[in-house]
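Hi,

Here is the structure I said I would pass on.

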Amino acid sequence: MHVPLSQQLQHGQNMVTGPHACPHHLSPRHFSCGTLQQRMQATQQSRHCRNRRLCNTVQAAASTQLKIVAEDKWIQRTLSGHTDNHRHQNETLERLHQQCIDTLKTMRMPTNRSEAYRYTDVAPIMSVSFQVASGDGAEEAVGQHPLDAAISSRLVIVDGVVSPELSSMSSMPDGVYIGGIENAPSQAVSQQLGAQSAAHGNALPFAALNGALATDVACVVVPAGVHIQQPLHVLYLSTESTSSATAMSNPRLLVIMGDSSCLELVEEFAPGPGNGTKYFTNSVTEVQLDEGAQLNHGYAEVQSGASYHVKASMVRQAARSSYTCNEAAMGAAISRHDLYIQQVGEATNTTLRAFTVCGEGQLHDLHSKLLLNHPEGQANQLHKCIVSAASGRGVFDGNVRVGQAAQKTDAQQLSRNLLLVPRATVNVKPNLQIIADDVKCSHGCAVSDLEEDQMFYFRYVLLQQACACQVAAC
């Protein structure tokens, strides 16, 4: 007898809060603690349980649910330790969860021998044990990350779960949905959730892990023709675990924009209280832009210096749509962003700007892939990186592919990198593949340190400013 996970949880919940609740059973507070198997054992042991057969089946199903066999031992250990924390009953999310688990069973996590991770060592991430985050201090942390232009259009996600209590959506026009997956438009979300990440398959192992462990999905659905005036601020907060293990969260965002709609979106990733918080944030963002839609996407990564941050962003642009991404990454010990954009219609515009600062012991990696397969498309990518410490490293791998059908395309790519100290490292690999013949394309890269005349100028200006301050103080 197969019992879905949602039914398992519902039966256990009925035993403590339903009309036939057992007076000697666990309280709702205790029910939310422990693993699924432990909670079901307590239900089975109660003499007052009125459905012993279902309890026995639930107990067996819970045991089976946790025994996930994967080729990669780290994947198996991580999945087995977290799948019992899924308490969602949304069918779309359940389907994504199962699809990603099936994908991960035959997948192996990347190493430095993998070309895509040649300069990005994720071994520190896989050397620690993970636990569910505590969620403590989120309310205090919200006030530390204000965005004045989005006071009444802020969506707060705490450890991967949408928090309606901390969010504010009073300025959103009618017909726009912004919130968790539970009340999202089912048809649109069901069609788009996981569609782009599934298409990349083994290329994005962390995105597959996100889909297997996500407990909620933040959904932004903008109907056709709707222009949202205020920017939407999506604030992701990550907190520590209650034990010595590292906290892990898997936030996921789905953006669906109808024809000729317009939105400015700002994603900000920040820690909970305390800048020394250690955690692992594994995030995924999927964006679907219908014909003529416009999205101005801001992405700020200001995680704590002891944290790990991995993000995958996938964008699908229909004809005459416009997508602009302005990215800034300054936090985290290891930060990786995989950005995949596909133009699936003519006269499509894509603008990408990224700025990273790599300090002591920091690694910032940006891998981007832009596919242009239709005529009269435009793409402009500018990447800038500053490495300010000898132990810092910046990585950029940008791939722009102009297909045979992408005639009259204008694609530009440029990477500029500045090394401020000796032994600072940056690995840059711009890549422009052109198959069409009637195009205007260029790409370039520059890596340098500060020249002596520039240093002289900066010192002179700073000295003049210091003297001016001293005179003003007198």
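K105 and D102 pair up through their side chains in a salt bridge, at 3.8 Å from N to O. Neither end is hidden away: K105 is partly exposed at 32% relative accessible area, and D102 is partly exposed at 40%. Bear in mind while reading that this is a predicted model.

By the rule used, there are nine salt bridges. Another of them links the side chains of R252 and E286, with an N to O distance of 3.3 Å. R252 sits in strand 8 (residues 252–257) and E286 in strand 10 (residues 279–289), so this pair ties together parts that are 34 residues apart in sequence. Both R252 and E286 are buried.

Then there is E267 with K311, where the closest N and O atoms are 3.3 Å apart. Here E267 belongs to strand 9 (residues 262–271) and K311 to strand 12 (residues 308–317), so the bridge ties together parts 44 residues apart in sequence. E267 counts as buried because its relative accessible area is 0%, and K311 is buried as well, at 1%.

Now for the overall picture. The protein chain has 474 residues, 51% of them buried, and contains 12 helices and 21 strands. Of the contacts with a separation of 6 or more, 83% are between residues 24 or more positions apart. The chain exposes about 21,400 Å², and carbon and sulfur atoms supply 50% of that.

Which helix is largely enclosed by the rest of the structure? That would be helix 11: nine of its nine residues are buried, so the rest of the structure largely encloses it. The buried set runs P205, F206, A207, A208, L209, N210, G211, A212 and L213. P205 is in this helix, which covers residues 205–213, and has a relative accessibility of 4%. Setting aside neighbours within four places in sequence, P205 is in contact with L104, M107, M109, P110 and Y117.

N399, in strand 18, is another buried residue, at 14% relative accessible area. Leaving out neighbours within four places in sequence, its contacts are S368, K369, L370, Q413, N431 and Q433.

If you check backbone torsions, two residues deserve a click. A347 is not a glycine, yet has a positive phi of about 55°. A347 lies in the loop between strand 14 (334–343) and strand 15 (349–358) and is partly exposed at 32% relative accessibility. K408 also has a positive phi without being a glycine, near 60°. K408 is in the loop between strand 18 (393–402) and strand 19 (409–419), and counts as exposed because its relative accessible area is 54%.

Last, the surface charge. D449, E451, E452 and D453 form a negative patch. Of these, E451 falls in the loop between strand 21 (439–449) and helix 12 (452–473). Is E451 buried or partly exposed? Partly exposed, as its relative accessible area is 47%.

Cheers

Conventions
Residues are numbered from 1 along each chain as its sequence is written. This is a predicted model: local features need pLDDT of at least 70, side-chain atom pairs count only at pLDDT 80 or more; totals for chains, interfaces and linings use all residues. Side-chain values use heavy atoms; hydrogens and water are left out. Helices (H or I, at least four residues) and strands (E, at least two) are DSSP runs, numbered from the N terminus. Buried means under 20% relative accessible area, exposed over 50%, partly exposed in between (1.4 Å probe, protein chains only). Contact means heavy atoms within 4.5 Å. Accessible areas come from the Shrake-Rupley method with a 1.4 Å probe; for residues, only the protein chains shown count as cover. Patches are made of residues with over 30% relative accessible area and no salt bridge: like charges are joined within 9 Å, nonpolar side chains (Val, Leu, Ile, Met, Phe, Trp, Tyr) within 5 Å. A salt bridge is a side-chain nitrogen of Lys or Arg within 4 Å of a carboxyl oxygen of Asp or Glu. Lys and Arg count as positive and Asp and Glu as negative; His and the chain ends are not counted. The place of a charge is taken as NZ of Lys, CZ of Arg, CG of Asp or CD of Glu.
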